[in-house]
Amino acid sequence: MVLARAVTEPVRSRLAGEDLVLGFGRRIVVDGVSVGLRPGRVTALVGPNGSGKSTLLRGLARLHGVRSGAVTLGDAARPASTLSAREFAQEVTLFAQSRSAPQGLSVREVVAFGRHPHRRRFAGLSARDRDVVERSMEATGIRSMAERAAGELSGGELQRVWLAACLAQETGVVLLDEPTNHLDLRFQVETLDLIRDLADVHGVAVGVVLHDLHHAARVADELLLMKSGGILASGPPRDVLTAENIQVAYEVAVDVTVDVVADRLRIDPISRAAAAGGTTPRS
């Protein structure tokens with residue numbers, strides 16, 4: 001699945017967070033984290049549940065209040081807080097983990113939501129808007145269901161509809177929170193390919209939260225491994241996803257090897273029985 005080039009490419013931009021502190025009530029969830037998303041690069045956030053990955057992504061998207069630190073946009077490092085919601089949405093889009101199924105709307109109408117930041121008030125869809133919507137549906141494999149009611153779709157189908165809406169927003173920065181969740185194997189692979197297309201073909205700065213470490217190793221240029229609201233390790237996937245780092249972050253022993261044929265990391269958890277020198281019962 002290759003994302004077709006739009007009529008015009010999105011403006012290349014970068015998004016950065018410096019010494020970010022975020023939390024809920026008195027509880028600090030992200031503590032002094034810095035991250036930079038650059039054009040043409042995919043940065044993946046990984047770590048155990050509760051490590052602060054999604055909260056950090058939402059902080060970068062201005063959907064979670066920043067207690068201290070700063071989120072900046074562009075080469076001039078403009079404070080994101082100085083932009084209107086419309087201006088920010090023209091440069092940054094977020095694919096969130098959970099979105100409700102819209103009732104009474106077709107798939108095409110939901111995807112068209114992505115064009116709202118680019119439309120004048122009360123204006124209908126332009127020819128260019130409609131073209132971008134069609135291209136976005138094609139890229140996510142949902143064009144055949146364009147006239148179906150969005151409220152009748154499965155979780156995986158709806159996931160792809162909202163992803164298409166994000167693509168239709170045509171921003172220079174794309175933030176994705178677990179985009180492969182609920183998808184079957186085919187669309188997991190195609191979504192990862194689409195993420196690489198955004199960076200490699202369109203020069204988009206991509207930040208993505210992933211639970212699957214193999215997916216993260218495959219798609220990312222840079223990994224941030226988080227634990228307890230901080231960064232345990234950062235850098236290229238093979239430097240970050242070591243057996244030692246993974247054991248510290250996830251509190252489970254793993255064996256990390258490189259598949260020389262596929263040139264990819266292989267991460268295998270070690271069972272307690274195997275670690276103790278025993279054998280694992282077979283059914």
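**Entry 1: Thr55 and its helix**

I started with Thr55, which lies in helix H1 (residues 53–60). Helices here are DSSP runs of H or I with at least four residues, strands are E runs of at least two, and both are numbered from the N terminus.

Before going on, I noted that this is a predicted model, where local features need pLDDT of at least 70, side-chain atom pairs count only at pLDDT 80 or more, and totals for chains, interfaces and linings use all residues. Residues are numbered from 1 along each chain as its sequence is written, and side-chain values use heavy atoms, with hydrogens and water left out.

Is Thr55 buried or exposed? Thr55 has 10% relative accessibility, so I put it down as buried. My cut-offs are under 20% relative accessible area for buried, over 50% for exposed, and partly exposed in between, with a 1.4 Å probe and protein chains only.

Next I listed what Thr55 touches, leaving out residues up to four places away in sequence: Leu22, Phe24, Val29, Val30 and His64. Contact means heavy atoms within 4.5 Å.

How many residues of H1 are buried? I found seven of its eight, so H1 is mostly covered. The buried ones are Lys53, Ser54, Thr55, Leu56, Leu57, Gly59 and Leu60. Just after H1, I saw that Arg62 takes a positive phi of about 65°.

**Entry 2: Gly230**

I then went to Gly230, which is found in strand E10 (residues 230–235). Gly230 counts as buried because its relative accessibility is 17%.

**Entry 3: H4 against H5**

Two packed helices are described by the angle between their axes and the distance between the axes. I looked up helix H4 (residues 127–139) and helix H5 (residues 155–168): they pack at about 135°, with axes 8 Å apart. The axes are lines fitted to C-alpha atoms, for helices over the stretch in contact, and angles run from 0 to 180 degrees between N-to-C directions.

H4 and H5 are therefore oblique to each other. The classes are roughly parallel under 35 degrees, roughly antiparallel over 145, roughly perpendicular from 65 to 115, and oblique for the rest.

Which residues make the contact? From H4 I listed Val132, Ser136, Met137 and Ala139, and from H5 Ala164, Leu167 and Ala168. By class, that contact of H4 with H5 has six nonpolar, one polar and no charged residues. Here Ala, Val, Leu, Ile, Met, Phe, Trp, Tyr, Cys and Pro count as nonpolar, Asp, Glu, Lys and Arg as charged, and the others, Gly among them, as polar.

**Entry 4: H5 against H6**

I moved on to H5 and helix H6 (residues 185–200), whose axes come within 13 Å and cross at roughly 10°. That makes H5 roughly parallel to H6. Arg160, Leu163 and Leu167 in H5 meet Phe187, Thr191, Leu194 and Leu198 in H6. I sorted this contact into five nonpolar, one polar and one charged residues.

**Entry 5: Salt bridges**

Side chains of opposite charge can pair when their charged atoms come close. I called a salt bridge where a side-chain nitrogen of Lys or Arg is within 4 Å of a carboxyl oxygen of Asp or Glu. By this rule I counted 19 salt bridges.

One of them joins the side chains of Arg108 and Glu134, at 2.7 Å from N to O. This pair links distant parts of the chain, with Arg108 in helix H3 (residues 107–111) and Glu134 in helix H4, 26 residues apart. Arg108 counts as partly exposed at 27% relative accessibility, while Glu134 counts as buried at 18%.

Glu134 also forms a salt bridge with Arg143, with the closest N and O atoms 3.1 Å apart. Arg143 is partly exposed, with a relative accessible area of 41%.

I checked Asp268 and Arg266 too: their closest N and O atoms are 2.9 Å apart, in a salt bridge.
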